Amino acid sequence: MNWSLLRNVAALAIALSAASVAQAAVAVIGGANDVNIDTDVRDATIFGNPLDVNNSNGAGPGMFAGTDGNGATLRGLIQFDIADNIPAGATIFGVQLDLSLGKVAGSGGGGGPGAGTATSTIGLHKLSTAWGEGTTGAGLTQIGGTGQGFPAGPGDATWNGPSFPNTSWTTPGGDFSQTISASVTVGTVVNTVSTWTSPTMTADVQGWLNNPSTNFGWELVNSDETDTRTFRAFWTKEAADPTTRPQLVVTYAALAGNVNGDGIVNSQDLALISSAWLNTGVGGPGDANFDGIVNSQDIALVSSNWLATSQQGATVPEPSTIVLSVLCALAFLPAPRRFASRRRAAW
């Protein structure tokens, strides 16, 4: 066996894997050019003021996160239609949420702790319960005056429940993961864009693509829900200016196992997994199945789609996982000792 040749081929495959995601596809859901934005995006605000817990704001131009002048907590809800915009079975490489700032707490006057703060940190938390958007606040074009919401209609999300008046959150204020998927520090300049992105967000969207029935979106939670007037309000899909509407940018390869995004499942994907063997981190290089570790399960996913392409949309006969594992190992094996040569020299 020509071990030198095998090692050189394996090394070449690893080098080629650095091509990364240059040929990956990009889906922009929402934003200025989404003709289906009314169905692709849902957003709303729920209100924690004891006088407003049955209020909602599902069709107004602003989505709030933080506290108002009464110290009441406001939280935003946002959801994007993943399943209808990204092919089933695709591998998600990156996710970016863009929101445009529409109003800052304290900008209308008034004092109090938190008013006029230079920054405010807003976190995304994955929601675990379906919620209603409704039509409260419809027809308005300015965010000012919408910060206390409007009486909820049937099915609207409120502070007390995801669907007024029939259901309740497990915890008032929303059922969401305590893990922050991503957080961003937001300033005070209106119409500037804030961007959330992280491997956890990528994993969230991958999960929603794999299991659309679990897609309830994210809740926007301000890190300061104690002081007065800390909120930031972002333009919603109802914003009069299309360029300020929420958008989710998703980079993906329409093929499971295609970890380098070049449109075909082959030795380059295998080499990328091999070079990242046992690395941890959800959505990191080589983590084909997004379970947070590069291991034999990622090799098995590549094996199950071996030589499939994003154009084919189908697989060809699969090699065994054992064979692929052996190929991975070859890249790291030292050349065998040349016992025969030494034996001849001794004679």
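Which residues of the largest nonpolar core touch the most other members? In this predicted model, Trp-196, Trp-218 and Leu-248 hold that place among the 33 residues of the core. A nonpolar core is here a set of buried Ala, Val, Leu, Ile, Met, Phe, Trp, Tyr and Cys residues joined through side-chain atoms within 4.5 Å, and buried means under 20% relative accessible area, exposed over 50% and partly exposed in between, with a 1.4 Å probe and protein chains only. The largest share of this core, six residues, is supplied by strand β6 (residues 91-104). Helices (H or I, at least four residues) and strands (E, at least two) are DSSP runs, numbered from the N terminus.

Trp-196 is worth a look in the viewer. Neighbours within four places in sequence set aside, Trp-196 is in contact (heavy atoms within 4.5 Å) with Val-95, Gln-96, Leu-97, Leu-99, Ile-122, Leu-124, Ala-182, Ser-183, Val-184, Met-201 and Phe-234.

Helix α4 (residues 267-275) is largely enclosed by the rest of the structure, because seven of its nine residues are buried. These are Gln-268, Asp-269, Leu-270, Ala-271, Leu-272, Ile-273 and Ser-274.

Helix α4 packs against helix α5 (residues 296-304) at an angle of about 180 degrees, and their axes are 10 Å apart; axes are lines fitted to C-alpha atoms, for helices over the stretch in contact, and angles run from 0 to 180 degrees between N-to-C directions. The two helices are therefore roughly antiparallel, a term for angles over 145 degrees. Asp-269, Leu-270 and Ile-273 of α4 meet Asp-298, Ile-299 and Val-302 of α5. Four of the residues in this contact are nonpolar, none polar and two charged.

Ala-256 sits in the loop between β13 (247-253) and α4. Its C-alpha atom is 5.3 Å from that of Ala-90, although the two are 166 residues apart along the chain. Beyond neighbours within four places in sequence, Ala-256 is in contact with Gly-89, Thr-91, Val-265, Leu-301 and Asn-305.

Overall, the protein chain has seven helices and 13 strands, and 47% of its 347 residues are buried.

Residues are numbered from 1 along each chain as its sequence is written. Local features need pLDDT of at least 70 and side-chain atom pairs count only at pLDDT 80 or more, while totals for chains, interfaces and linings use all residues, and side-chain values use heavy atoms, with hydrogens and water left out.

Technical notes:
Parallel < 35°, antiparallel > 145°, perpendicular 65-115°, else oblique. Nonpolar A, V, L, I, M, F, W, Y, C, P; charged D, E, K, R; others polar.
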